Amino acid sequence: PLTPMTPMTPVTPASESSGIVPQLQNIVSTVNLACKLDLKNIALHARNAEYNPKRFAAVIMRIREPRTTALIFSSGKMVCTGAKSEEQSRLAARKYARVVQKLGFPAKFLDFKIQNMVGSCDVRFPIRLEGYEPELFPGLIYRMVKPRIVLLIFVSGKVVLTGAKERSEIYEAFENIYPILKGFKKAS
Amino acid sequence: GDRVIDVGSEWRTFSNDKATKDPSRVGDTQNPLLSDGDLSTMIGKGTGAASFDEFGNSKYQNRRTMSSSDRAMVNAFKEITNMADRINLPRNIVDRTNNLFKQVYEQKSLKGRSNDAIASACLYIACRQEGVPRTFKEICAVSRISKKEIGRCFKLILKALETSVDLITTGDFMSRFCSNLGLPKQVQMAATHIARKAVELDLVPGRSPISVAAAAIYMASQASAEKRTQKEIGDIAGVADVTIRQSYRLIYPRAPDLFPADFKFDTPVDKLPQL
């Protein structure tokens, strides 16, 4: 008996892989340290911390490795930005939590969640953009429905993808847009 | 023959004595396209002694608001006319703006936004549709609304009315910028040619057409007897002089190919400033 090998997903000739992988540039994550914090105390004792209560109600702390910035609120909640991977974001958040712990607060590490991921890549050909307003923004803002990702597409061929909660969404969005972009390659 | 009712304002009688007031018996011009009829009336200021009460105040001082449902719209039309006046826009653009505003207003999809912002955005769209676009910065100059808000309303209105507008080109602004700078027709035509060629040869990908136009004007003026500085051009076009420099650097290498064939050089191409 013949068992034909049918592929799980239909392979159409147009959807050959682009061979380009978007690079992650920024990850934004949040975590709950689960204890009330005295921000003035933290700002005074921690290195690389700034706190202007009149301007913003959180301590802004930075660490060099991984190079990230954290916003620490008196409620005990924290936002960690600037990491280039999910693991780095988690590691950085843990480091901040340890700093806070060392200052005497009973910090925990609850509900760590990645809120946003930003990736970028280059399709290596110029793109013919239509319906963009050069006076307002030099690129096209494309809101993809599935996955729900916003892509910023520029004439140079560089593409920025944002709004993802998972790495796979960035990759999927780029694979979706690549064939469309090829159709709009600028004729030189 | 057919008798058509003239809905314009009443013809004035030009009598010798200008002292007499000109009583209009039929009210203001009807604006049926816009204010939904406008058949309401107001109580006018009294003239005789009987119209003043004991303190000297006039009785019936309340001029009832006319057509209150469209009061906001009438106000917006006034503001639109004011804005258009400041930059000397012709009546056809103002009419188009009013029409756009009415459509947006009736649709109510942008109801939350400031009317002035919507009016400014309508003005911007009308200029575009009439083929004489004004930059956002030029509209900003006559409106109290920020460029960001006008831009937001602009996108929302295009969506609400399901219209689109043509992309702006460098040529759209040439005649206005050049005449503001006092440049002769030859220079203007040269600048137009330079900008068009620069875009055709794709020397300036990703640059705003305004910046490219400004750089082209700079190149053309520097090659002619009527030289203008980057700062002067930047002031008129609303672009920073560094921006002009950036675009100029991109077109400078191909300068000889960009000038029109019949251009009379006051300063030859190889003596053009190199920034």
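Author: Start with one charged pair: K158(A) forms a salt bridge with D122(A), and their closest N and O atoms are 3.9 Å apart. A salt bridge here is a side-chain nitrogen of Lys or Arg within 4 Å of a carboxyl oxygen of Asp or Glu. Side chains of opposite charge can pair when their charged atoms come close. This pair links distant parts of the chain, 36 residues apart. K158(A) sits in strand β9 (residues 158-164) of chain A, and D122(A) in strand β6 (residues 110-122) of chain A. Strands (E, at least two residues) and helices (H or I, at least four) are DSSP runs, numbered from the N terminus.

A word on the ground rules. This is a predicted model, in which local features need pLDDT of at least 70 and side-chain atom pairs count only at pLDDT 80 or more, while totals for chains, interfaces and linings use all residues. Residues are numbered from 1 along each chain as its sequence is written, chains are lettered from A and ligands numbered from 1 in the order in which they are written, and side-chain values use heavy atoms, with hydrogens and water left out.

Back to the pair. K158(A) counts as partly exposed, at 46% relative accessibility. The scale runs like this: buried is under 20% relative accessible area, exposed is over 50%, and partly exposed is in between (1.4 Å probe, protein chains only).

Now look at C121(A), also in strand β6 of chain A. C121(A) is buried, with a relative accessible area of 8%. What does C121(A) touch, leaving aside neighbours within four places in sequence? Its contacts (heavy atoms within 4.5 Å) include K158(A), V159(A) and L161(A). I20(A), V21(A), P22(A), G157(A) and F174(A) are on the list too. Take V159(A): 38 residues separate it from C121(A) in sequence, yet their C-alpha atoms are 5.4 Å apart in space.

How many salt bridges are there over all chains? The count comes to 21. R128(A) and E130(A) form one of them, with closest N and O atoms 3.0 Å apart. R128(A) is partly exposed, at 37% relative accessibility.

Chain B has a pair to set beside these. R113(B) and E149(B) meet in a salt bridge through their side chains (2.7 Å, N to O). R113(B) lies in the loop between α2 (91-107) and α3 (115-129) of chain B, and E149(B) in helix α5 (residues 147-160), so the pair ties together parts that are 36 residues apart in sequence. R113(B) is partly exposed at 31% relative accessibility, whereas E149(B) is buried at 17%. Salt bridges can also share partners: E50(A), R55(A) and R62(A) are joined that way into one network.

Next, the place where the chains meet. Chain A gives eight residues to the contact and chain B gives 19 residues. Together they bury about 1,000 Å², 60% of it on carbon and sulfur atoms. Buried area is the accessible area (1.4 Å probe) that two parts lose on being put together, summed over both. On the chain A side, E133(A), E135(A) and L136(A) lose the most area to chain B, together 56% of what that side buries. Two salt bridges cross this interface. K186(A) also forms a salt bridge with D202(B), the closest N and O atoms being 3.5 Å apart.

T97(B) is buried, at 0% relative accessibility. Its contacts beyond four places in sequence are I80(B), A119(B), C122(B), L123(B) and A126(B).

And the cysteines? There are zero disulfides over all chains; a disulfide is a pair of cysteine sulfur atoms within 2.5 Å. The sulfur of C127(B) is 11 Å from the closest cysteine sulfur, in C122(B), which is too far for a bond. For C35(A) the closest is in C80(A), 17 Å away, also too far.

pLDDT is the predictor's confidence in each residue, from 0 to 100. Chain A has a mean pLDDT of 91, and 91% of its residues reach 70 or more. Over residues 10-15 of chain A, though, the pLDDT is below 50, and this stretch has zero contacts in the model beyond near neighbours in sequence. Where pLDDT is low, the predicted coordinates should not be read in detail.
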